[in-house]
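Subject: Handing over the two-chain model

Dear colleague,

I am passing on to you the structure we spoke about, with the notes I made while going through it. Please open it first, and then read on with it beside you.

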There are 2 protein chains.
Amino acid sequence: MGTDAVTVMSALGRRAKDAAKAMRMAETCAKNKALQLAAAVIRREMKEILAANAMDMQAAEKNGLDAALKDRLMLNGDRVDAMAEGLEQIAALPDPVGAIDNLRYRPSGIQVGHMRVPLGVIGIIYESRPNVTADAAGLCLKSGNAAILRGGSEAIHSNRAIAACLRRALVDSGLSQDAVQLVDSTDRALVGALLQSEQYVDVIIPRGGKSLIERVAAESRVPVIKHLDGICHVYIDAAADADMALNIAMNAKTHRYGVCNAMETLLIHQDAVSACTAVIVQAMLDKGVEVRGCERTRTAAAGLDVKAATDEDWATEYLSPVLSIRVVDNFEQAVNHIAEFGSGHTESIVTGSYEAGQRFLREVDSASVMWNASTRFADGFEYGLGAEIGISTDRLHVRGPVGLEGLTTQKWIVLGNGQVR
Amino acid sequence: MGTDAVTVMSALGRRAKDAAKAMRMAETCAKNKALQLAAAVIRREMKEILAANAMDMQAAEKNGLDAALKDRLMLNGDRVDAMAEGLEQIAALPDPVGAIDNLRYRPSGIQVGHMRVPLGVIGIIYESRPNVTADAAGLCLKSGNAAILRGGSEAIHSNRAIAACLRRALVDSGLSQDAVQLVDSTDRALVGALLQSEQYVDVIIPRGGKSLIERVAAESRVPVIKHLDGICHVYIDAAADADMALNIAMNAKTHRYGVCNAMETLLIHQDAVSACTAVIVQAMLDKGVEVRGCERTRTAAAGLDVKAATDEDWATEYLSPVLSIRVVDNFEQAVNHIAEFGSGHTESIVTGSYEAGQRFLREVDSASVMWNASTRFADGFEYGLGAEIGISTDRLHVRGPVGLEGLTTQKWIVLGNGQVR
């Protein structure tokens, strides 16, 4: 890492820290005004944003980026409008900052409680989607934090244009523009410097593919909120309703393929095999899903195109129209399979049995554990967070969908009238 | 770090991880029984524990350890009894594991809520106090975690004897003895290996002096819950009651000197100087406290022995009968002084002003912020946690006194009746 990168990042970090100090005390109405203004500025500057994006798209073409990446990079009127709408939705959410919980009298006479406060400076490292610039900045702003944004170098022009809208809105709302700073350079050394900026940055949130997240987690001296894999399971218990099982399995797998809360492996209790297996396999094949199964699955779905699953399948996040199916002897085997191969993201049991459902909720150690619902519900909007900055499969601080609350922490407050020990 | 250390730690880590899996599901009554039994075994084995401690004390004598260290190392009947009592108190606390909060219906028809669950494997690295072995193990056990304990090498015989009592109690309660494991070696390389054991250990809690904590924070790949300094402030506002101010200042400084929640710097609003300064300085001197003040403090306490404070004083955690005093022009200067020199541990304002008190609660960014109460209340027992494993000045996961809840995390649970997206 060059001295230059460290110097640049220190200047940025110092400004962010100062801005965070002011944002911590910003009034709810000022923050909401900034978000609404940012939405208005983004709509007003749509032409400039699209022109900047066109430059990124040209470079992407020239550099031969693949179609999926170009689709993520591409902006159009609808996508820019969706960004503005996202900011307005964040403005409409309740402000988590300053909320006091559990203020209680103690025997000493003091009142003790918790007050919710911002984390401080949040570094967001992301890839090609330019809309993350607006989403992440909006969530950090509302939660009273300062954001340092480091988007993909292929999106630099788009990100610059979007960040400028947010910064203008901050100034026009009487807040510090440095509450949103873009790392305005494609120098990769700056990412390294950001990850070492413990004295300025309170938490790093990487958003993107597995290799980005692994690199950030390995290199960072700053605490990281991250999710690596989404190897999600649906377990059809012996006492499952066959229609419900079919419905949930189909939704969990086929509603969207490339998302982290899609099912990758279906576990079926041996007593549910005859009622469920062939029906579900047929429905998956009809949808164009490739099915890979254990021996018992293939026997149960004899005559249907089920490939042999290997141990590698159980450990794979397909993110595509591929499903692995395994028949288990009993509840314990299902839970053990999840413990061995799951990624701690989201698992669901389908069962009418009170005992099996209760045990599943307790024994499965994932960020989201469900009973008779599709894994696709593991999402900040569906959970009522209003918005999400990502999903955490870590154990400390926050698990599962991360919304405004996940970007805050709690301090203790004590109210007395002169108490001493 | 030698291969041997890594091998030893991996074996230990694997056993801890297996034990954590079982502890996660352990019933409250089994955990409480283990804690009560452990207390009984410790009382029954008091002779053996004291004999082991005598070996440590002999070695300490031979190695010329200083008096303070020997006092921390030393056990006697009362101290062993206090350990047993501590375990009984932990048994009496409510079990945080499995508690469900905020279970609410969403528009989709699913119910979404939070379930509290253990963190998993907790590594505790501590110094000479052997009672930490029982305290830390007890808190980890009650919160459903597995503990890996690494005490100071000077306390190895004592720790071995105490850990054996806990392990016996675990077995006799039908739980895994590996839920409490002592790193039974004085090899320092094992600490390094423990800090690199990301795949087995979920969090490290260092307890001890600043150099230990700094080393752990710098080297650890595992998330760390820590507190570095306790440079706590009391700020006497313009609208303070002079008697209350004297009372709180005296308690915060002189109740105990060597604790992290003792006041190190007293800030006095210039309008409170005449009513408070000389009185407090006199009272401090009467108690044998050395006073170091800014120029205005020395003028206000003319004729009393106030040494000149330097900038270094504001940044020093004395942990001894020394106090620095600074007169400030206004509220902002007090808050800025705290932001510049404070350690984010605990600060208290003394004021009858609603505005000043409210602003102080909001603007001071410390783990504990108090209004008209002594900083000495920043303590797990005083806050109602029942027990504490330490104090966190970090921002993520947990701030301030860390009790059973701080050793747990929350997962999302979703209850449906067949909902899909």
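In which strand of chain A does A:N102 lie? A:N102 belongs to strand β1 of chain A, which takes in residues 100-105. Please keep in mind throughout that this is a predicted model.

Backbone angles

A:N102 is not a glycine, and yet its phi is positive, at about 55°. In general, most residues other than glycine have a negative phi. A:N102 counts as exposed, because it has 9 C-beta neighbours inside 10 Å. A:H397 likewise is not a glycine and has a positive phi, here of about 70°, but its place is the loop between β14 (390-392) and β15 (400-402) of chain A. With 20 C-beta neighbours inside 10 Å, A:H397 counts as buried.

Inside chain A

The domain assignment divides chain A into domain 1, made of 3-226 + 403-414, and domain 2, made of 232-382. Taken over C-alpha atoms, the centres of domain 1 of chain A and domain 2 of chain A are separated by 36 Å.

Helix α2 of chain A, residues 28-44, has 17 residues and spans 24 Å from its first C-alpha to its last, which is close to the 24 Å expected at 1.5 Å a residue. Among the buried residues of α2(A) are A:K31, A:A34, A:L35 and A:I42, and the cover over the buried residues of this helix includes α3 (46-62), α5 (77-92), α6 (131-142) and α7 (156-172) of chain A.

Strand β12 of chain A, residues 346-350, is mostly covered, with five of its five residues buried. In a regular strand the side chains alternate between the two faces of the sheet. In β12(A), A:T346, A:S348 and A:V350 point one way while A:E347 and A:I349 point the other way, and all are buried. Strand β7 of chain A, residues 232-236, runs parallel to β12(A) and is joined to it by four bridges, with A:S348 as the bridge partner of A:V234. Strand β13 of chain A, residues 368-373, also pairs with β12(A) in the parallel sense, over four bridges, and there A:T346 stands opposite A:S368.

Between the chains

How is chain B placed relative to chain A, in terms of rotation and shift? Chain B is superposed on chain A by a rotation of 180° with 0.0 Å of shift along the axis, at an RMSD of 0.0 Å, and that is the relation of a two-fold axis. The C-alpha of chain B nearest the axis is that of B:H397, which is 1.8 Å from it.

The contact takes 55 residues from chain B and 55 residues from chain A. On the side of chain B that touches chain A, β2 (111-118), α10 (242-254), α15 (354-363), β13 (368-373) and β16 (408-419) of chain B each supply at least two residues, and β16(B) gives the largest share, eleven residues. That side of chain B divides into 24 nonpolar, 19 polar and twelve charged residues. The copies meet through the same surface, because 100% of the interface residues of chain B are also interface residues in chain A.

Strands also pair across the two chains: strand β16 of chain A, residues 408-419, and β13(B) pair in the parallel sense over five bridges, and one of the residues to look at there is A:W412, whose bridge partner in β13(B) is B:S368.

With best wishes

Methods. Residues are numbered from 1 along each chain as its sequence is written. Chains are lettered from A and ligands numbered from 1 in the order in which they are written. This is a predicted model: local features need pLDDT of at least 70, side-chain atom pairs count only at pLDDT 80 or more; totals for chains, interfaces and linings use all residues. Copies are superposed by least squares on the C-alpha atoms of residues with pLDDT of at least 70 in both. Two residues are in contact if their C-beta atoms, placed from the backbone, lie within 7 Å. A residue is buried if 20 or more other C-beta atoms lie within 10 Å of its own, exposed if 12 or fewer, and partly exposed in between; C-beta atoms are placed from the backbone. Domain bounds come from an automatic or database domain assignment. Ala, Val, Leu, Ile, Met, Phe, Trp, Tyr, Cys and Pro count as nonpolar, Asp, Glu, Lys and Arg as charged, and the others, Gly among them, as polar. Two strands pair if DSSP finds at least two bridges between them. The expected span of a helix is 1.5 Å times one less than its number of residues.
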